[in-house]
Amino acid sequence: MTTPWGEHVLTRFPEDPRDRLRAWDASDAYLLGHLAEREVPLSGTVVVVGDRWGALVTALAAHRPVQITDSHLAREATRANLERAGVEPGSVRLLTTQDPPPERIDVLLVRVSKSLALLEDQLLRLAPALHEGTVVVGTGMVKEIHTSTLRLFERIVGPTRTSLAVKKARLIFSTPDLSLQRPANPWPLRYRLPDGLGPVSGRTVVNHAGVFCADRLDIGTRFFLGHLPDGGGFRRVVDLGCGNGVVGTAVALADPDAEVLFTDESFQAVASAEATYEASGAAGRAEFRVGDGLAGVPDGSVDLVLNNPPFHSHQATTDATARRMFSGARRVLRPGGELWVVGNRHLGYHVALRRLFGNSELVASDPKFVVLRAVRK
């Protein structure tokens, strides 16, 4: 990526030579070009929200920016890209969406997220740190910036306008209005599960902003809950890509002797899972881990992995994440251990499972979803 501050070689995380997706896009380049062209002062506290793979903070590293991200993978990509660029460790402060934000912000750069809820939550958390002189610039591809996006900036930050589109990217300019009466932050959101869902029926779900299907139970998870393994015997269980933790919590309620690991690459998701588990009153042993899939879980140490894999990476449709999850599950399962997967039936996960495990059993299906079971031989 060529920027006004030099050229940088950037990669996503984990690095995969087969991955043709870049670690930056036209919206990143547009924002950086604007900062240089307008000579925006960068000597104060520069905060970058939603920097997907560290492209923005790597380019701006000389100004010691603060990155705020919900993604463990984005944070690890940032670390790798900063190291590759020869940036002194500690020059960029890496925060998560669950960390307290800086008390004063002089320049706020926002990479518009796919989730409007996450954008709302972060703007409400950051707004108290803005002052009259704060420069606020958002960026995103044209297809990512909607009227609702601009209204959110207007409602939380102040008067907002957009730039012309360049290479299908657009900038958002917002001027802080300190007299705004901002709404209370509605996140995290809580709701009660309906009946007919087994052990989690009537339990409370807690969703932090940005977690998939925040205000209701998504239909894939609902279908999965109706077809989870019967009976106990699974001592060590992993809810892989746990989201709000409903699936793992259902296992913990059904079998208090089971030890359940909730893991996700989203800090918001793992915080949601922990809150959902605590609200359920489950009495078993549970661990909550933000990380890259099953990295750090010992080989052959797990009896059961439950997985509802994503098939998007930001705006790109890909099965790369699912394939990595399946491969990781095979590694950590003991002989005879089982991987249970729910997914849209058109995605053809059974092919990948047969390739990895040598077997794939259809447990249940409806016109939209399938539940598949693979056994580690």
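What follows is a list of selections in this predicted model, with a short note on each.

Start with the overall count: five aromatic pairs turn up when the whole structure is searched.

**Stop 1.** Select Phe223 and Phe369. The ring centres are 6.4 Å apart and the planes meet at 25 degrees, so this pair is stacked; the cut-off for stacking is under 30 degrees. Now colour by secondary structure. Phe223 belongs to helix H6 (residues 219–225), while Phe369 belongs to strand S20 (residues 369–375).

**Stop 2.** Select Phe326 and Tyr349. This aromatic pair is edge-to-face, with 85 degrees between the planes and 5.3 Å from centre to centre. Show the helices next: Phe326 lies in helix H9 (residues 320–332) and Tyr349 in helix H10 (residues 349–357). The two are 23 residues apart, and this pair too links distant parts of the chain. Phe326 and Tyr349 are both buried.

**Stop 3.** Select Phe262, Tyr277 and Phe288 together. These three residues make up one aromatic cluster.

**Stop 4.** Select Arg22 and Trp24. Which part of Arg22 sits over the ring of Trp24? The charged end does, 3.9 Å from the centre of the Trp24 ring.

Key. Residues are numbered from 1 along each chain as its sequence is written. This is a predicted model: local features need pLDDT of at least 70, side-chain atom pairs count only at pLDDT 80 or more; totals for chains, interfaces and linings use all residues. Side-chain values use heavy atoms; hydrogens and water are left out. Rings of Phe, Tyr and Trp (its six-membered ring) pair if their centres lie within 6.5 Å; planes under 30 degrees apart count as stacked, over 60 as edge-to-face and the rest as tilted. Helices (H or I, at least four residues) and strands (E, at least two) are DSSP runs, numbered from the N terminus. Buried means under 20% relative accessible area, exposed over 50%, partly exposed in between (1.4 Å probe, protein chains only). A charge sits over a ring if NZ of Lys or CZ of Arg is within 6 Å of the ring centre and within 35 degrees of the ring normal.
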